[in-house]
Amino acid sequence: ACSSKLLLSQVHPMWQEPLAIPGGDRQSPIDIVVRKSVFDPQLKPLKVQYDPRTCQQIWNNGYSFLVEYNDTTDKSTLKGGPLEDQFRLCQFHFHWGENNTWGSEHSIDRHLYPAELHLVHWNSDKYSLFEEAVIEDNGLAVIAVFLKVGKRHEGLQKLVDALPAVRHKDSVVEFTKFDPACLLPENIDDYWTYAGSLTTPPLTEAVTWMVMKQHIEVSHDQLAVFRSLLFTSAEEQQQRSMVNNFRVQQALKGRTVRSSFT
Ligand SMILES: COc1cccc(CN2CCc3cc(OS(N)(=O)=O)c(OC)cc3C2)c1
Ligand SMILES: [Zn+2]
């Protein structure tokens, strides 16, 4: 494992990190040290209600590909768990590596996964737009699910088949009737939760993270299609493969990670 760590330090970070983030004491991602996490019996089960009809498009934004949902009504929502309010799904995306040794943003006792899914929601009880919520400390809620290479994920295949249409940065393709609940593990009652930030610009400290204990499995070939995407737009001379689009891990700075399970 240390060799992969060594290699990891040679991996070029996806972008030049800004020197200082305002405040900067609740940045993401982090390594979750299981024995230091604190069981909180008051954490409720997560309540997820997604309507596939709110699915709209896939967008390659030059960091990842985002599957974007219509978040103008409370049709696809998340509540419960550590959350006091109701949150609306606005998009989901992934982070992955150039090989199956690394790629996730979070790690569990330093164990990295080949990829990580993020379902991004914003607090629609308190704010009226994502743009408003993105700067508030209770504005966003992100569910993180680790991906492991194994059997083919049937539900993911519809998304994989659409990816060649968004190969280049700034490309968009219509994508409808996709139920993101199919990407959740069977058990979403067991998770770790902590106060953190977005891991891509604007890196704002607005996120309540819920990292699922149970991973999902996808096939090697499905992950290879993720790696066929490009960071670069069609006009750019130098094409660069979209891989290693994860942020370097950040200091815990005294934060407590709570677990919903013992
Ligand atoms: C819709 O209003 C917006 C305002 C500012 C930025 C954006 C776009 N941004 C939202 C947050 C976010 C967050 C992302 O990653 S993450 N790991 O959840 O921080 C991300 O990964 C590719 C992309 C985006 C896209 C939208
Ligand atoms: Zn993300």
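A residue is near a molecule or strand if one of its heavy atoms lies within 4 Å of it. By that criterion 15 residues surround ligand 1, and the closest are His-93, His-118, Glu-131, Thr-199 and Thr-200. The model is a predicted one, in which local features need pLDDT of at least 70 and side-chain atom pairs count only at pLDDT 80 or more, whereas totals for chains, interfaces and linings use all residues. Residues are numbered from 1 along each chain as its sequence is written, chains are lettered from A and ligands numbered from 1 in the order in which they are written, and side-chain values use heavy atoms, with hydrogens and water left out.

**Zinc site**

- Three histidines, His-93 (NE2), His-95 (NE2) and His-118 (ND1), coordinate the zinc ion (ligand 2) at 2.0 Å; donors are N, O and S atoms within 2.8 Å of the metal (3.2 Å for Na, K and Ca), and water is not among the atoms, so sites may look incomplete.
- The site of the zinc ion (ligand 2) is tetrahedral, with angles of 101 to 118° among its four donor atoms, where four donors count as tetrahedral if all angles lie between 85 and 135 degrees.
- Along the chain, the donors of the zinc ion (ligand 2) follow the spacing H-x1-H-x22-H, and distant parts of the chain are linked by the pair His-95 in strand β7 and His-118 in strand β9 (residues 115-123), 23 residues apart; strands (E, at least two residues) and helices (H or I, at least four) are DSSP runs, numbered from the N terminus.

**Ligand 1 and His-118**

- A polar side-chain atom of His-93 lies 3.2 Å from an oxygen atom of ligand 1, while a polar side-chain atom of His-95 lies 3.3 Å from a nitrogen atom of ligand 1.
- His-118 counts as buried because its relative accessible area is 1%, buried meaning under 20%, exposed over 50%, and partly exposed in between (1.4 Å probe, protein chains only).
- The side chain of His-118 makes a polar contact of 3.1 Å with that of His-95 and another of 2.6 Å with that of Glu-116; a polar contact is a pair of N or O atoms within 3.5 Å, and within protein one must be able to donate a hydrogen and the other to accept it, with residues adjacent in sequence counting only if both atoms are side-chain atoms.

**Nonpolar cores**

- The largest nonpolar core has 44 residues, and those with the most contacts inside it are Phe-65, Phe-92, Phe-94, Ile-143, Leu-159 and Phe-226; such a core is a set of buried Ala, Val, Leu, Ile, Met, Phe, Trp, Tyr and Cys residues joined through side-chain atoms within 4.5 Å.
- Strand β7 (residues 87-96) gives the most to this core, with five residues, and apart from it lies another core, of 23 residues, among them Val-120, Leu-140, Tyr-194 and Leu-198.

**Backbone features**

- Most residues other than glycine have a negative phi, and most peptide bonds are trans.
- A cis peptide bond, with omega about 0°, joins Ser-28 and Pro-29, and the bond from Pro-201 to Pro-202 is also cis, with omega near 15°.
- Lys-177 has a positive phi, near 55°, and it counts as exposed because its relative accessibility is 61%; its backbone oxygen lies 3.1 Å from a polar atom of the side chain of Lys-158.
- Lys-253 likewise has a positive phi of about 55° although it is not a glycine, and Lys-253 is exposed, with a relative accessible area of 54%.

Key: Four donors count as tetrahedral if all angles lie between 85 and 135 degrees; four count as square planar and six as octahedral if opposite donors are over 155 degrees apart and all others between 65 and 115; anything else is irregular.
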